[in-house]
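Thanks for coming. I will go through one structure today, a few residues at a time, and you can follow along on the screen.

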Amino acid sequence: MSTATVSTVSAKGAELGYKPFTAGKFRFERDEYFAHITFPTGTHMIPIDAFLRALMRDVAWGFFYGTVNFDQVIGTINHYGTVELFAGLMNEAFVSANRHYVEKFDSKDLRKVFVEILDNWTSEGFDPFASPEETGKPFGAKHGENRKALERERVVAKRMVGLPGDVGYRTDQNGYPLNRQFTDVSTDKPEVHAEPGFEGEVHAFNLFNYVARSDVTWNPSVVSAVKDSLLCPTTEEYILPIFHGNDRVEWFVQASDEIIWDVEDGKTGRPRAKVTMKAGDVAAMPADIRHKGYSPKRSILLVWENNDGTLPQLYSSGKLKPYPVEF
Ligand code: PHB
Ligand code: FE
């Protein structure tokens, strides 16, 4: 197990106001336009906007389900308590040339370094969760900070949005206006007609109105939980900042507009499919792939996750097939 520490050694970005960071033998530096990642078998560059957007998701989602690929080279694999940080491990060319490099950390240690990188490398005005059209730029020398954007709480309903004691609704009054691309979404409330005696057991809310008021993109939030069944809607615009390599099947329901998905083999990155999902389309993403989505216009996607912690082992051992249906 490696220890993740914050380096104080001056480097590339020092004169620009950016600190370098280390996690084990990985070193992270930034300049005006790029994150530079150094590891024992090589170096790699990622455009700083893409890097901060990917890092923001990895931090906010607690390393998510399975693999979070920042790009074709750098990423993390969640082992739920520990996490692997890798360079080239999910890249056929790196692995066949034996140039990949992997280190394991306690999740909380790596998370701490990632949080510090995000904090130091994000200047005033740049919000890694916002669509490019709704945020300032991340480039240039350090100027100010944007903690408000970085410290947003991820919405996780215990049972369902709107129930007593659970996550509340989004309204104009509490700072969540309808997004500029969703002004046509209905704000009606559903009518609930419960049988006498069941009034306290029936609940409904306007999901479209709730999601259309999201101020972030590519950030599924849990709006209802029934045991391990988590319904996670999200609004999407531009590009999913990571290539997600899932360790289980997940279902997508395209609720409005359109997303185009690039689907690749999870381990090698070989192209597997291009999936265009239009409003009303439903897809199951297999457990052995990675995917990245493109949403030309802000759209609503329902991601349906199975939170059962025994699933990764059932898939990786082959006890479960990587897809949920056979036709
Ligand atoms: C996914 O990887 O499945 C994913 C992540 C974020 C989203 C949508 C889908 O906003
Ligand atoms: Fe996914």
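**A walk through the model**

Let us start with Asn-98, which sits in the loop between helix H2 (92-96) and strand S9 (101-106). Before going further, please note that this is a predicted model. Asn-98 has a phi near 55 degrees, a positive value in a residue other than glycine. For background, most residues other than glycine have a negative phi. Is Asn-98 buried or exposed? Its relative accessibility is 56%, and the cut-off for exposed is over 50%, so Asn-98 counts as exposed.

There is another residue of this kind to look at. Lys-227 is not a glycine, yet its phi is positive, at about 50 degrees. You will find Lys-227 in the loop between strand S10 (224-226) and S11. With a relative accessible area of 82%, Lys-227 is exposed.

Now to charged side chains. How many salt bridges does a search of the whole structure find? The search finds 22. I will show a few of them.

Take Arg-180 and Glu-237, which form a salt bridge with the closest N and O atoms 2.8 Å apart. The two partners come from distant parts of the chain, 57 residues apart. Arg-180 is in the loop between helix H4 (147-150) and helix H5 (207-211), while Glu-237 is in strand S11 (residues 229-239). Their surroundings can be compared with the accessibility values. Arg-180 has a relative accessible area of 40% and is partly exposed. Glu-237 has 7%, and because buried means under 20%, Glu-237 counts as buried.

Glu-237 has another arginine partner. Which residue is it? It is Arg-298, and in this salt bridge the closest N and O atoms are 2.8 Å apart. Arg-298 lies in strand S17 (residues 289-306) and Glu-237 in strand S11, so this pair ties together parts that are 61 residues apart in sequence. Here both partners, Arg-298 and Glu-237, are buried.

These residues belong to a network of salt bridges that links Glu-134, Arg-180, Glu-237 and Arg-298. Glu-237 also has a polar contact with Ser-131, side chain to side chain, at 3.2 Å.

One more salt bridge, and then we move on. The side chains of Arg-272 and Asp-265 meet at 3.6 Å, N to O. Arg-272 is partly exposed, with a relative accessible area of 44%.

Next is the ligand. Where does ligand 1 sit? It sits in the largest cavity.

Let us go through some distances. An oxygen atom of ligand 1 is 2.9 Å from an N or O atom in the side chain of His-244. For the side chain of Thr-234, an N or O atom is 3.4 Å from an oxygen atom of ligand 1. With Asn-219 the backbone is involved: one of its polar backbone atoms is 3.5 Å from an oxygen atom of ligand 1. How much of the ligand does the protein bury? Taken alone, ligand 1 exposes 280 Å², and the protein buries 100% of that.

I will finish with a few single residues. Asn-209 is in helix H5. At 13% relative accessibility, Asn-209 counts as buried. Its side chain makes a polar contact of 2.8 Å with the side chain of Arg-213.

Glu-32 is in the loop between strand S3 (26-30) and strand S4 (34-39). Its relative accessible area is 37%, which makes Glu-32 partly exposed. The C-alpha atoms of Glu-32 and Ile-48 are separated by 8.0 Å, and the two residues are 16 residues apart along the chain.

Ala-284 is partly exposed, at a relative accessible area of 26%. Along the chain, Ala-284 and Val-253 are 31 residues apart, and their C-alpha atoms are separated by 8.9 Å.

Key. Residues numbered from 1 in each chain as written. Chains lettered and ligands numbered in written order. Predicted model: local features only at pLDDT ≥ 70, side-chain atom pairs only at ≥ 80, totals over all residues. Heavy atoms only, no water. Salt bridge = Lys/Arg side-chain N within 4 Å of Asp/Glu carboxyl O. Helix = DSSP H or I, 4+ residues; strand = E, 2+ residues; numbered from the N terminus. Buried < 20%, exposed > 50% of the residue type's maximum accessible area, 1.4 Å probe, protein only. Polar contact = N/O pair within 3.5 Å; in protein donor to acceptor, adjacent residues only side chain to side chain. Areas by Shrake-Rupley, 256 points an atom, 1.4 Å probe, with all protein chains shown as cover. 1 Å grid on protein atoms, 1.4 Å probe; cavity = no way out; pocket = protein on both sides within 12 Å on 5 of 7 lines; lining within 4 Å. Sits in = over half its atoms within 2 Å of the grid points.
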